[in-house]
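I opened a new page for this protein and wrote down what I looked up, one topic at a time. The structure comes first and my entries follow.

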Amino acid sequence: MSRLRGGESVASFEGSLVSRSIPIDPPSFQAVLQAAPAPRTVWAAPNDASIESTENDRDPTIVGSGAAAVLRADGPARFERIRNQADALVADSDTDTTWAARPRLFGGFAFHDDHEPAPPWTGFSGAQFVLPRIQITWGDDAAWLTTNAVGDAPALETRIERAHRWVSSLSATGPTADPPGIHHRERLTDRSTWRTAVTASIDRIRAGELRKVVLAQALRATLDGELSVADTLCRLRESYPDCFGFLVDATDGRYFLGATPERLVSLQGRSVHTGALAGTTGRGNTPTEDDRLARTLRESEKNAHEHDLVVNAIREQLDPFTRQITTGDRRVRRLATVQHLETPLSATLARDEHVLSLVEALHPTPAVGGLPPDRALTTIRTTEPFDRGWYAAPVGWFDTEGNGSFAVALRSTVATRDVATLFAGVGIVSDSDPDDEWDEVQLKYRPVLDALQ
Ligand SMILES: C=C(O[C@H]1C=CC=C(C(=O)O)[C@@H]1O)C(=O)O
C-alpha cells in the first residue's frame with residue numbers, strides 16, 4: 001500500500017522507511033516468484049564473470065513482493081520527481097540490514113517523455129518504483145529476507161518471522177508448466193511499411209540531417225494458454241543467464257518482463273560501470289560458422305560505425321559527472337540467438353551523485369535512440385506506428401544512498417495473461433539495408449518468443 005499523499009512531485013510519507021533483514025537458507029527462485037503476493041518485482045543479475053564488477057557491487061538477484069510504498073511520476077521531469085519522492089521516503093530511515101540485503105526501490109521509466117499509459121501499456125506511468133514489503137536477495141552463496149515498511153517498526157518484527165515461515169515452507173523447486181504457446185501473431189509493422197521507413201531514415205542520414213536512428217517493430221502474440229510470469233522468467237533466465245532478467249508489475253494484471261543483455265549503468269559509491277552494445281549478427285549452426293560470423297561482425301565498417309557512435313555518446317554524456325573514464329576493449333558478446341559488439345566503460349565520479357542522475361543523463365543512448373538525440377526521438381515518434389512504452393527504457397533499482405543498477409529494457413514483452421506484445425529494434429546508419437535490418441529484428445524477438453512457445 002502506498003503511503004504517498006498529495007501530488008506526484010510533493011512526496012509526503014507518514015513516517016520514514018524502516019527495514020529489517022535476516023540471513024536465510026537460499027530458497028528456490030522459481031518457488032518464491034510463483035508464490036509471492038503481488039505486486040512482484042524481479043531483478044535477476046547476470047551470471048557472467050565477464051561483466052565487470054568490483055567485489056562489493058556484484059549485483060544480486062532479488063524478488064520483491066507486495067508494496068510498502070509506490071512512487072510514480074510522469075513527463076520530462078519524471079527522473080527528478082522520483083528522486084524527490086525517494087529522498088522524502090528515506091530521510092531518517094531506520095535499517096538494520098547488511099549491504100546485500102539493504103532495501104531497494106525497483107522499477108523503471110517510459111522511453112518517451114510524453115508517454116501515455118494506453119494499451120498495451122495501461123497501468124504503466126511515466127515512471128514507477130516499488131519499495132517491496134518483502135525482499136528476498138540471493139548473493140553468491142547466501143540469501144537474505146528483508147521486510148520493509150513506512151513508519152511501522154514494531155509490526156516489522158512480527159512480519160519478518162511470518163515471512164520467514166512462509167519462505168521456509170516453499171518447496172525446493174516450483175512447478176514448471178509448459179509454455180503457453182502462441183496461436184496468433186499480428187505484426188504492428190508490415191514489411192513494406194518497414195522498408196519505406198528505413199529507406200526514409202537512410203535518406204535523411206545521407207542528407208546529413210541524422211547520424212543514426214534506432215527503429216523498432218512490435219509483434220502482438222495471442223497466447224494459447226495462460227501466461228505464467230514466473231515460468232516465463234525462469235525460462236528466459238535459463239537461456240540467457242548472462243543477461244539482466246526483470247519484471248515490473250503494473251498491478252492491474254499487466255507485466256513488463258524480459259532478459260536484456262544491455263547494462264545502462266551501475267553505481268556504487270563513486271564507481272560507475274556502463275557499456276555500449278550495438279552492432280549485431282546471428283549465431284551459426286557450427287562453432288566454425290559462429291566464429292566466421294563473429295569475425296565478419298568485428299571487421300564490418302558499418303557495425304563499427306554504429307557501435308562507435310554509442311561509445312562516444314556515452315563518454316560525452318558521462319563526462320560532466322566524472323573524474324576519469326576508461327574505455328575497455330571492444331569484444332563480441334555471444335548470446336543464444338545473436339552476437340553483439342560490446343565495449344565496457346567504467347568511470348569514477350568527480351563528486352557524489354544519485355544513480356538516477358546518471359540514468360537521466362544516459363537515457364536514451366544511441367543504442368536505442370539515435371543521434372542527434374532530439375531529431376532521432378522525433379523520427380522514432382513519427383515513424384513507429386505504436387507506443388514504445390517502457391521498451392528500450394531504463395529498468396532497475398536504487399537504494400537509500402543513491403547506489404543502483406539499471407539495464408536497458410530490451411528483449412522484452414508487456415503481457416497480460418493471454419496477450420504478449422513484443423518489441424525489438426535495430427540501429428539504422430547510412431549503409432543499412434532494410435531487409436537485413438528486418439531479419440535482425442526477427443532474431444531479437446526470439447528470446448521472448450522461445451520462452452512463450
Ligand atoms: C534495440 C535493440 O538492440 C540494441 C542493442 C544491441 C544491438 C543493437 C543493434 O545492433 O542494432 C541495438 O542497438 C533491441 O534489441 O531491441
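**Entry 1: overall layout.** I counted the elements and found 10 helices and 23 strands in the protein. I noted that the model is predicted. Along its principal axes the C-alpha trace spans about 65 × 50 × 40 Å. Of the 453 residues, 50% count as buried. Among contacts with a separation of 6 or more, 78% are between residues 24 or more positions apart.

Entry 2: I looked up the UniProt record, an unreviewed entry, and it places the feature "domain: Chorismate-utilising enzyme C-terminal" at residues 191–444. Over residues 191–444 I read 35% helix and 36% strand. The end C-alpha atoms of this stretch are 16 Å apart.

**Entry 3: strand β21.** Which strands pair with β21? I found β14 (residues 263–268), which pairs with β21 in the antiparallel sense over four bridges. In this pairing S266 stands opposite S405. I also found β20 (residues 394–399), again antiparallel to β21, with five bridges. Here V395 has A407 as its bridge partner. β20 and β21 form a hairpin with four residues between them. In the turn, G402 has a positive phi of about 90 degrees.

Next I checked burial in β21. I used the cut-off that a residue is buried if 20 or more other C-beta atoms lie within 10 Å of its own. Five of the five residues of β21 (residues 404–408) are buried, so the strand is largely enclosed by the rest of the structure. Both faces are covered, with G404, F406 and V408 on one side and S405 and A407 on the other.

**Entry 4: helix α8.** I went on to α8 (residues 355–362), where V355, L356, L358 and V359 are buried. Seen down the helix axis, the buried residues fall within an arc of 155 degrees, so they line one face of α8. What do the buried residues of α8 pack against? I listed α2 (78–90), β14, β15 (271–282), β20 and β21.

**Entry 5: the nonpolar core.** The largest nonpolar core has 125 residues. Those with the most contacts inside it are L105, L215, F246, A392, A409 and L422. Strand β11 (residues 212–223) gives the largest share of this core, eight residues. The general remark I put next to this is that nonpolar side chains tend to be buried together in soluble globular proteins. I then looked at A409 by itself, leaving out residues up to four places away in sequence: among the residues A409 touches are F246, W390, A392 and V395.

Entry 6: I moved to β1 (residues 17–24). Eight bridges join β1 to β9 (residues 143–150), and the two strands run antiparallel. β1 is also joined to β5 (residues 94–95) by two bridges, and this pair runs parallel. V18 has a bridge partner in each: A149 in β9 and D94 in β5.

Entry 7: I wrote the general rule first: most residues other than glycine have a negative phi, and most peptide bonds are trans. A cis peptide bond joins P119 and P120, with omega about 0 degrees. P120 is in the loop between β6 (104–109) and β7 (127–131). Another cis peptide bond joins H363 and P364, with omega about -10 degrees. I placed P364 in the loop between α8 and β19 (370–371).

A392 is not a glycine, yet has a positive phi of about 65 degrees. A392 lies in the loop between α9 (373–383) and β20, and counts as buried with 26 C-beta neighbours inside 10 Å. For R411, also not a glycine, I read a positive phi near 45 degrees. R411 lies in the loop between β21 and β22 (412–415), and is buried with 28 other C-beta atoms within 10 Å.

Conventions: Residues are numbered from 1 along each chain as its sequence is written. This is a predicted model: local features need pLDDT of at least 70, side-chain atom pairs count only at pLDDT 80 or more; totals for chains, interfaces and linings use all residues. A residue is buried if 20 or more other C-beta atoms lie within 10 Å of its own, exposed if 12 or fewer, and partly exposed in between; C-beta atoms are placed from the backbone. Two strands pair if DSSP finds at least two bridges between them. A nonpolar core is a set of buried Ala, Val, Leu, Ile, Met, Phe, Trp, Tyr and Cys residues joined through C-beta atoms within 7 Å. Two residues are in contact if their C-beta atoms, placed from the backbone, lie within 7 Å. UniProt positions are given in the numbering used here, feature names are shortened, and annotations may be inferred rather than shown by experiment. The arc is that of the directions from the helix axis to the C-beta atoms.
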